Amino acid sequence: KREFDKKILCIGAGYVGGPTMAVIAHKCPQYKVTIVDINANRIAQWNSDKLPIYEPGLDDVVKAARGKNLFFDTDVKKGIEESDIIFVSVNTPTKTFGAGAGMAADLQYWEKTAREIREYSQSPKIIVEKSTLPVKTAQAMKRILMAGDNPGQFEVLSNPEFLAEGTAISDLENPDRVLIGSMETKSGLKARQELVDVYKNWVPENKIITTNLWSSELSKLVSNAFLAQKISSINAISALCEKTDANISEVAGAVGMDSRLGNKFLNASVGFGGSCFKKDILNLVYLCRYYGLDTVADYWEGVLKINDYQKERFVMNMLGNMFNTLAGKKICILGFAFKANTGDTRESPAIYVARRLLEERAVVNISDPQALENAENDLKDAEGSIFFIKNPYEAAKGCDAIAVMTEWDIYKSLDYENIYKSMSKPAFLFDGRNILHHNKMYEIGFNVFPIGKASLTHFSNE
Ligand code: UDX
Ligand code: UDX
Ligand code: ADP
């Protein structure tokens, strides 16, 4: 039986835990990496040929390491007993009940995990927070771990994950930085070094940065808040561009060339989605209010307000331009994932738009290459006529309008001449991602409504 240098466990086999551990295992054959989850179905999927999440490059990494030094299991107890380092990557959704509902993080899964670790541990362990958590969670975790008659030896580290979905594997293999926070005590620094040594197997040392625990936890929230703020900033300006002769792509291009600002994350859209941005900003806002910093809280809340406004504005634009009635009209939603190259639909703007269109009594055809299963689940309680159709040509057939919600590459090169022919006239195209060639679409015959640019319609002003 082969012996490993270290035994690493990850609790929670989701979008973060799965890819992160797969890359650690792939890069470090000398470690045994086990991922456990209470969801047996999910574990079975991780052990099958059809992984539970779609992520470019993930299949190869998992196949290369699975069964050698990467294992997916449901036995949480055994996993905890035998491990040296435990990553905690369970879900931390926004609370839906009680104090802080709709704002604070729901820590019940996370606290349950802390208690399990305490119960099953018989040797010293390093506990690593991977899930996004409110600041000072590490302290709470340490208190839970140390409570009771026979406190074990635990050191809690914060190691927030910065991967973005759709590029998870390359983000993990080649990160901008790895951040590790610890207590600045002797044992804290020793544990920190142990985790640095894990990452050093493939990440250049100058990209591994260490801070105190609270800075690390806060940096994760702030990184996501800044990224989201950049999108809300450009989306806010897109509204102004639609009222003037300015073009959002030209403005973003000019603004982004300032090296102090940077040209990334300046694509105006129907709004940002994903499991992190909203949740983390709500966390940040909750934290600020808790400490009496209301002006700071209001500032960050504005980022979310603009995002909600952008989604609603998109729907109102559709309604207004389609003669103020959508009842009975057929609308094709192209893309339901919150961004391209993922099947994830959490907080996807498409959910909001689809629900609003259904409220207006439109018939909604939803298409997506990877996210239809999630889409059906997201809309299972929605009333009205909804159809889930993978083939985009089928989905658009007979429709009055197309709304592009996700920037999938395949949507850039569809045969729009044929799509146009198959649609009801006048045919409308609302490009919520600005990925299509708008002049060309106009020439084909569509009435085109981009984000932050003049619309192109065949209607005369009489
Ligand atoms: C984000 C952070 O990027 C990542 O570092 C963190 O670890 C988790 O949260 P993710 O949510 O997976 O990652 O995707 P991201 O690429 O950040 O996109 C978030 C949303 O913003 C998507 O809906 C995307 O379409 C939208 N977006 C992004 C824009 O609307 N415009 C842009 O210019 C960029
Ligand atoms: C600014 C723009 O930078 C410049 O492109 C434009 O043409 C004119 O306005 P200026 O006001 O001269 O230039 O200086 P700038 O370096 O932008 O600083 C503006 C203020 O922001 C200063 O008070 C500066 O101290 C402050 N600042 C800047 C910060 O407080 N923190 C920073 O990180 C950067
Ligand atoms: P993230 O995007 O943060 O990775 P996910 O929801 O995709 O979040 O994944 C979190 C995973 O954690 C889920 O598969 C869930 O079943 C698992 N989980 C939650 N609580 C526990 C627990 N106490 N023990 C093991 N796994 C857990």
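A crossing of two helices is termed left-handed if the near helix is turned anticlockwise from the far one by less than a right angle, and right-handed if clockwise. In this predicted model, local features need pLDDT of at least 70, side-chain atom pairs count only at pLDDT 80 or more, and totals for chains, interfaces and linings use all residues. Residues are numbered from 1 along each chain as its sequence is written, with chains lettered from A and ligands numbered from 1 in the order in which they are written.

The protein chain averages a pLDDT of 95, and 99% of the residues score at least 70; pLDDT is the predictor's confidence in each residue, from 0 to 100. For the complex, the predictor gives an ipTM of 0.92 and a pTM of 0.94.

The chain is assigned a domain 1 (6–203) and a domain 2 (212–462), the bounds being those of an automatic or database domain assignment. The centres of the two domains, taken over C-alpha atoms, are separated by 32 Å. Domain 1 brings 28 residues to the contact and domain 2 brings 26, where residues are in contact if their C-beta atoms, placed from the backbone, lie within 7 Å. On the side of domain 1 that touches domain 2, α6 (137–146) and β7 (178–182) each supply at least two residues; helices (H or I, at least four residues) and strands (E, at least two) are DSSP runs, numbered from the N terminus. The largest share of this side, four residues, comes from β7. Its residues divide into 16 nonpolar, eight polar and four charged, with Ala, Val, Leu, Ile, Met, Phe, Trp, Tyr, Cys and Pro counted as nonpolar, Asp, Glu, Lys and Arg as charged, and the others, Gly among them, as polar.

Helix α9 (residues 213–243) packs against α10 (residues 248–256), their axes coming within 9 Å and crossing at roughly 135°. Axes are lines fitted to C-alpha atoms, for helices over the stretch in contact, and angles run from 0 to 180 degrees between N-to-C directions. The angle makes α9 oblique to α10, given that angles under 35 degrees count as roughly parallel, over 145 as roughly antiparallel, 65 to 115 as roughly perpendicular and the rest as oblique. The crossing of α9 past α10 is right-handed. I234, I237, S238 and C241 of α9 meet I248, V251 and A252 of α10, a set comprising six nonpolar residues, one polar and no charged.

Helix α9 also packs with α12, at an angle of about 45° and with the axes 9 Å apart. This arrangement is likewise oblique, but α9 passes α12 in a left-handed crossing. The contact involves A225, A228, Q229, S232, N235, A236 and A239 of α9 together with W300, V303, I306, N307, Q310 and R313 of α12. These residues divide into seven nonpolar, five polar and one charged.

A further partner of α12 (residues 294–321) is α11 (residues 277–290), the two axes coming within 8 Å and crossing at roughly 165°. Helix α11 is therefore roughly antiparallel to α12, and their crossing is left-handed. Among the contact residues are K278 and R289 of α11 and D294 and E301 of α12; the contact as a whole holds nine nonpolar, no polar and four charged residues.

Two backbone features lie in loops. Most residues other than glycine have a negative phi, and most peptide bonds are trans. N324, in the loop between α12 and β9 (330–334), has a positive phi near 60°. The peptide bond from K425 to P426 is cis, with omega near 0°, and P426 is found in the loop between α16 (416–422) and β13 (428–431).

How values were computed. Two residues are in contact if their C-beta atoms, placed from the backbone, lie within 7 Å.
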